[in-house]
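Let's take a walk through a structure together, going from the overall fold down to single residues. Keep the viewer open as you read.

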Amino acid sequence: MEDYEIIQCCLQGKKEMFEELVSRYKNLVYSIILRMTNDSEEANDLAQEVFIKVYRNLDKYEPTYKFSTWIMRITTNLVIDSRRKQKQSTISVEEMPYEPSTEGGPEEAYLRQEKSNEVMDALNALPDMYRIPIILFHQQGLSYQEISDVINEPLSKVKNRIFRARKMLKEYLLNSKEGGIYGM
Amino acid sequence: MECNHADKLMMKYMDGILTMEEAQKLNFHITECESCRESFFTYQMVMDELRDESAMKAPDGFESEVMAKIKDIEIDYKLKEPMPIENISAMLWGVFSLLFGIGVLLCIYNQPVLKFLLENPYTKDWAQAMIPTMDLLNEYINDIKTKLQEFVSDGGQIFTVVKMIAVPVLTVLASIKYYIYRKKKVEI
């Protein structure tokens, strides 16, 4: 069943059909939020909030866009709003729990975790206007045009922001390399 | 190859649009240039990290939690109905009448309008470019006027009367059409 058909069913009162939409898009929504907040609990709460918002506004969905585009737009806006309300930056990587990997030895796992933390730290240092497009492009595999639809900005701006974001990430990582432990 | 060009190729690589030839060039360059090699592996690390999908799955029971939360939410969705043909017709007629009315007004009062535009510093250049077209338009209007005068001996007066009647009639017509359209839209 297509997304739009499910939405039509929900609009006609078949509330239970909404579960299928949640099931289809939960990982997409959750992963975007987790990348932006770095907090699994907060990501879970916000992802649920996204779906409640989607449910409340189902009648406003325009089928000219893909449902995934619409839901990603709601997700990014909600995260930005939430951060604005909190008036504080996201958790720093130092506060994140260390989760040893089951693959390889402890040292290898530690190095991998540190490397990952460095990248996440660099990502956290980016302003939302750069972070959102680069997450959507490299993590979600969206095209420039799809990102333009999600964030409602012209294509040229999207391209420019992704270009700038990559440069900023590279600069951040190279500058922190002396203090870091990851090797090339 | 210069480092600037290598950087552009790295961007293309990250966009997934690098050709085989470009890939070979880039590969050759980064084996020679330490700075670019460092950049390339840093970019690569960012991409690998972002693509890493571990721990990116929503927790178990996510659907149930969401469904439990929306269970008690009752929403009266406002379903959109397609616009009836009559409304589209009324809207088109309204727009047509309005544009026709404006067009007639501009034809009749083209000289004062042109004068006004010429005096305005922002529209001066544009208005000057319009002068030949306006002259042509005046010629046509005068032609019609002369023919009307020939047709009716009292032509001059008739033209003035037509001018005085046509403008209010068209304006009223446009307003009525617009009113009908608005009224129907509100009823939806």
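This is a predicted model: local features need pLDDT of at least 70, side-chain atom pairs count only at pLDDT 80 or more; totals for chains, interfaces and linings use all residues.

In chain A, 33% of the 184 residues are buried. In chain B, the buried part is 14% of 188 residues. Taking contacts with a separation of 6 or more, residues 24 or more positions apart make up 67% of them in chain A and 61% of them in chain B.

Now for the interior. In soluble globular proteins, nonpolar side chains tend to be buried together. Here the largest nonpolar core has 57 residues, and those with the most contacts inside it are V29(A), I33(A), A47(A) and L136(A). The element that gives the most to this core is helix 2 of chain A, residues 18–37, with 10 residues.

Next, a helix pair. Two packed helices are described by the angle between their axes and the distance between the axes. In chain A, the axes of helix 6 (residues 128–139) and helix 8 (residues 155–176) come within 8 Å and cross at roughly 95 degrees. Because angles of 65 to 115 degrees count as roughly perpendicular, helix 6 of chain A is roughly perpendicular to helix 8 of chain A. On the helix 6 side of chain A, the contact includes M129(A), Y130(A) and F137(A), while helix 8 of chain A brings V158(A), I162(A) and M168(A), among others. The residues of this contact divide into 9 nonpolar, no polar and 4 charged.

How do the two chains meet? There are 29 residues of chain B in contact with 33 residues of chain A. On the chain B side, helix 1 (3–15), helix 3 (34–51) and helix 4 (62–70) each supply at least two residues. Helix 3 of chain B gives the largest share of that side, 11 residues. By type, the chain B side holds 19 nonpolar, 2 polar and 8 charged residues.

An unreviewed UniProt entry places the feature "domain: Putative zinc-finger" at residues 3–37 of chain B. In the model, this stretch of chain B is 86% helix and 0% strand, with its end C-alpha atoms 10 Å apart. D7(B) is in helix 1 of chain B and counts as partly exposed because it has 18 C-beta neighbours inside 10 Å. The C-alpha atoms of D7(B) and C36(B) are separated by 7.6 Å, although these residues are 29 apart along the chain.

For a last stop, return to chain A, where Q8(A) is found in helix 1 (residues 3–11). With 15 other C-beta atoms within 10 Å, Q8(A) is partly exposed. Q8(A) and D59(A) are 51 residues apart in sequence and 8.8 Å apart in space, C-alpha to C-alpha.

Conventions:
Residues are numbered from 1 along each chain as its sequence is written. Chains are lettered from A and ligands numbered from 1 in the order in which they are written. Two residues are in contact if their C-beta atoms, placed from the backbone, lie within 7 Å. Helices (H or I, at least four residues) and strands (E, at least two) are DSSP runs, numbered from the N terminus. Ala, Val, Leu, Ile, Met, Phe, Trp, Tyr, Cys and Pro count as nonpolar, Asp, Glu, Lys and Arg as charged, and the others, Gly among them, as polar. A residue is buried if 20 or more other C-beta atoms lie within 10 Å of its own, exposed if 12 or fewer, and partly exposed in between; C-beta atoms are placed from the backbone. A nonpolar core is a set of buried Ala, Val, Leu, Ile, Met, Phe, Trp, Tyr and Cys residues joined through C-beta atoms within 7 Å. UniProt positions are given in the numbering used here, feature names are shortened, and annotations may be inferred rather than shown by experiment. Axes are lines fitted to C-alpha atoms, for helices over the stretch in contact, and angles run from 0 to 180 degrees between N-to-C directions. Angles under 35 degrees count as roughly parallel, over 145 as roughly antiparallel, 65 to 115 as roughly perpendicular and the rest as oblique.
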